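Could you walk me through this structure, part by part, in plain words? Here it is, ready to be explored.

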Amino acid sequence: MINLILFGPPGSGKGTQAKMLVNKFKLLHISTGDLFREAIKNETALGVEAKSYMDKGELVPDSVTINMLKEKVEANPDVQGYIFDGFPRTTNQAEALDQMLQDGGEDVTLLIELKVEEDEIVTRLLKRAETSGRSDDADESIIRNRFQVYLDNTAVVAEYYDAKGKATQVKGKGSIEEIANKLELVINEALIS
Ligand code: B4P
């Protein structure tokens, strides 16, 4: 199985690139952000809880997020692998993911970090807000808070996988196709090594 983590700050292109990789590598794309937005749309208890954090640009608590992720993985046992997009975002989540994969005799193949600067992210997300209707994209101070949360709580996840020799970085600025080609190269390298 191929178990990829697409990693990077909000707006770095994780969701955009995951959709392209799904076709190339026939993997199941799991975006915790998309799962939360679906729950918000359906007005479930999970959605109501998640919204209170997402609207401020804060992380949804680990317990809620990890259970939701596990349910999604367990509901799809017959896939060739996963692209985890927006998960893990804390060391607790990374440890839970490792445990879950190891229980099934699997492991994380590679974490790929998309490197993008804060100001570029603000520009991208304010532009996305014009069409996405996402309240967490519409306000510059919330976007900057999301970036700060990334630095404070999430960036450490890349170090966690780097220490296991399972992390790499790709420049996330450039055309979407150029970045997709670079990602394909690093994934193919990881698969043959
Ligand atoms: P997410 O849904 O993961 O939000 P995101 O980081 O903004 O998405 P993404 O990074 O995929 O967007 P993309 O760059 O593709 O999370 C939202 C919230 O949910 C979080 O703040 C948190 O509250 C909560 N949450 C989610 N997962 C959680 C977890 N594990 N634990 C706790 N809380 C969690 O797209 C951005 C824009 O850039 C698009 O408009 C795109 O068109 C554009 N773009 C992409 N690539 C580009 C390029 N190369 N050049 C120019 N523009 C580009």
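## Asn188 and helix α8

Asn188 is partly exposed, with 35% relative accessible area. Here buried means under 20% relative accessible area, exposed means over 50%, and partly exposed lies in between, using a 1.4 Å probe and protein chains only. Asn188 belongs to helix α8, residues 176-192. Helices (H or I, at least four residues) and strands (E, at least two) are DSSP runs numbered from the N terminus. Asn188 is 161 residues from Leu27 in sequence, and their C-alpha atoms are 14 Å apart in space.

Please keep in mind that this is a predicted model, in which local features need pLDDT of at least 70 and side-chain atom pairs count only at pLDDT 80 or more, while totals for chains, interfaces and linings use all residues. Residues are numbered from 1 along each chain as its sequence is written, and side-chain values use heavy atoms, with hydrogens and water left out.

## The sheet

In what order do the 5 strands of the open sheet stand? The order is β2-β3-β1-β4-β5, and the pairing is parallel. Two strands pair if DSSP finds at least two bridges between them. The edges are taken by β2 (28-31) and β5 (167-171); each has a single partner strand, so one side of each has no neighbour in the sheet. On average, neighbouring strands are turned by 20° against each other, direction ignored.

Let's look at β4, residues 110-115, which runs parallel to β5 and is joined to it by 5 bridges. Leu114 stands opposite Val170 in β5, and Ile112 stands opposite Thr168 in β5. Strand β1 is also parallel to β4, with 4 bridges between them, and Ile5 stands opposite Leu111 in β4. Strand β4 is largely enclosed by the rest of the structure, because 5 of its 6 residues are buried.

Thr154 sits in helix α7. Is Thr154 buried or exposed? Thr154 counts as buried, at 3% relative accessibility. Leaving out residues up to four places away in sequence, Thr154 touches Phe7, Leu59, Pro88, Arg89 and Val149; contact means heavy atoms within 4.5 Å.

## Around the ligand

There are 31 residues around the ligand, and Gly13, Thr32, Arg37, Glu58 and Arg146 come nearest. A residue counts as near if one of its heavy atoms lies within 4 Å.

An oxygen atom of the ligand is 2.8 Å from a polar side-chain atom of Arg37. For Lys14, the distance from a side-chain N or O atom to a ligand oxygen is 2.9 Å, and for Arg134 it is 3.3 Å. The protein covers 88% of the 990 Å² of accessible area that the ligand has on its own; the areas come from the Shrake-Rupley method with a 1.4 Å probe.

## Backbone details in the loops

Most residues other than glycine have a negative phi, and most peptide bonds are trans. Phe87 and Pro88 are joined by a cis peptide bond, with omega about 0°. Pro88 lies in the loop between β3 (81-85) and α5 (91-103).

Lys26, in the loop between α1 (14-25) and β2, has a positive phi near 55°. Lys26 is exposed, at 55% relative accessible area. Glu43 also has a positive phi, about 55°, and is found in the loop between α2 (32-41) and α3 (45-54). At 68% relative accessibility, Glu43 counts as exposed.

Notes
Axes fitted to C-alpha atoms, helices over the stretch in contact; angles between N-to-C directions. Polar contact = N/O pair within 3.5 Å; in protein donor to acceptor, adjacent residues only side chain to side chain.
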